[in-house]
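Please work through the following exercises with the sequence and the structure open beside you, and try each task before reading its solution.

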Amino acid sequence: MGLDVSGLSVYTDENKMDLIKKSVLEGRSLEYLTVQPDIKSSATINIIDSTLVGQAGSCGFNSDGTTVLSQRTLSVAPIKVNESICVDTLESYYTQKMMNPGSYNESIPFEQIYAEDKAEKIADMLESIVWKGDTGGAGNIALADGLLKVIDAEGAVVNGNTGAVTVATGITAANIVDIVDGMVGAVPADIIDAEDIVLFMGYDNYRTYAKALRDANLFAYTGAEDQGQKFSQMVPGTNVKVVAVKGLNGTSRLILSRQANLYIGTDLLNDAEQFSIFYSKDNDEVRFVAKLKIGVQLAFPEFVVEFTLVP
């Protein structure tokens, strides 16, 4: 009689490979915006503006001109992340091989990769909030208002959907160069020579833009500096830097302004990188706790060029 294995399941070695985490395209908007720390609830961006009136030289004194002090409020929203893990649950699965001997399970056997994954997910959440945050929305973006909502509430921002040829109802390889050139052409004269002008767009539109430039001029196109990693490049012949950010993916929105004009408020600069993983003896579980604050604001709305598709 031959070997009968009908009572067995096909063997799968669940311990052969290390535990891996899902890749996340982390946010990097904080690299290109002005970060204001030490805000517990709200703070003011203090602004001075004046008019200068020249006069013909003569004896006497004739006061003219005005100096205006104004403020814009930068409010931050408190955010927390709480998660609990009953480590005993892991004893019934392949993860038991990672655990220490004994019945007192007071730590996660894969704590290092767990912590790295949480840090990336928090960075990803903040990136979405910075741009698409809407307290009237749903999910994580409802935790605070983002730059798109703040910009849309301002009547002073500059309309960037003018185009060198026509207004855009969609973004394609055929018109994205025209869209970008139109936005650059709409930059207010007062900041046209600034060294920190950035045009933000999603990675989806950035790739379309880079391809359009390449296809339009194969022999002269030099691409981005470190194209594959930084996803940024200068608009040819200008001082405007195009930067891809995940927070604008899927929005068909493009935002241009000075880095010094777009503010992100927080409490501690590294709040988003700090969290606690600890064993709660009262609850017999491992807990994850992260707390941080986030908020956004504009200093001068009139120095923002925004692109929105025309319906």
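**Exercise 1: Cysteines**

At 36% relative accessibility, Cys-86 counts as partly exposed in this predicted model.

Solution. Begin with the cut-offs, under which a residue is buried below 20% relative accessible area, exposed over 50%, and partly exposed in between.

**Exercise 2: The open sheet**

Task: work out in which order the six strands of the open sheet are arranged, and explain why one side of S5 and of S7 is left without a neighbour in the sheet.

Solution. Start from the whole chain, which has five helices and 13 strands. Six of the strands form an open sheet with mixed pairing, in the order S5-S13-S9-S6-S8-S7. S5 (158-159) and S7 (232-234) stand at the edges and have a single partner strand each, which is why one side of each lacks a neighbour in the sheet.

Next, follow the pairings of S6. Strand S6, residues 197-201, pairs with S9, residues 254-258, in the antiparallel sense over four bridges; Leu-199 is opposite Leu-256 in S9, and Phe-200 has Ile-255 of that strand as its bridge partner. With S8, residues 241-244, S6 pairs in the parallel sense, over four bridges, and there Val-198 stands opposite Lys-241.

**Exercise 3: Burial of S6 and H3**

Task: determine which residues of S6 are buried on its two faces, and against which elements the buried residues of H3 pack.

Solution. Take the faces of S6 in turn: Ile-197, Leu-199 and Met-201 lie on one side, Val-198 and Phe-200 on the other, and all of these are buried. Five of the five residues of S6 are therefore buried, and the strand is largely enclosed by the rest of the structure.

Then consider helix H3 (residues 176-185), which lies across S6, S9 and S13 (305-307) and runs at about 30° to S9. Seven of the ten residues of H3 are buried, which leaves the helix mostly covered; the buried residues are Ile-176, Asp-178, Ile-179, Val-180, Gly-182, Met-183 and Val-184. Their packing is against S6, H4 (203-216), S9 and S13.

**Exercise 4: Nonpolar cores**

Task: identify which residues touch the most other members of the largest nonpolar core, and which elements give two or more residues to this core.

Solution. The largest nonpolar core holds 38 residues, of which Val-130, Trp-131, Phe-200 and Ile-294 touch the most other members. Two or more residues come from each of S4 (77-85), H1 (111-132), H2 (147-152), S6, S10 (262-265) and S12 (285-298). As a closer look at one of these residues, Trp-131 is in contact, leaving aside its neighbours within four places in sequence, with residues including Leu-147, Leu-148, Phe-200, Val-245, Leu-248 and Ile-255. Another core, of 28 residues, lies apart from the largest one, and among its members are Ile-191, Tyr-209, Ala-210 and Val-305. As background, nonpolar side chains tend to be buried together in soluble globular proteins.

For the chain as a whole, buried residues make up 37% of the 311 residues. Among contacts with a separation of 6 or more, 73% are between residues 24 or more positions apart.

Definitions and conventions: Residues numbered from 1 in each chain as written. Predicted model: local features only at pLDDT ≥ 70, side-chain atom pairs only at ≥ 80, totals over all residues. Heavy atoms only, no water. Pairing = 2+ DSSP bridges. Contact = heavy atoms within 4.5 Å. Axes fitted to C-alpha atoms, helices over the stretch in contact; angles between N-to-C directions. Core = buried A, V, L, I, M, F, W, Y, C linked by side-chain atoms within 4.5 Å. Buried < 20%, exposed > 50% of the residue type's maximum accessible area, 1.4 Å probe, protein only.
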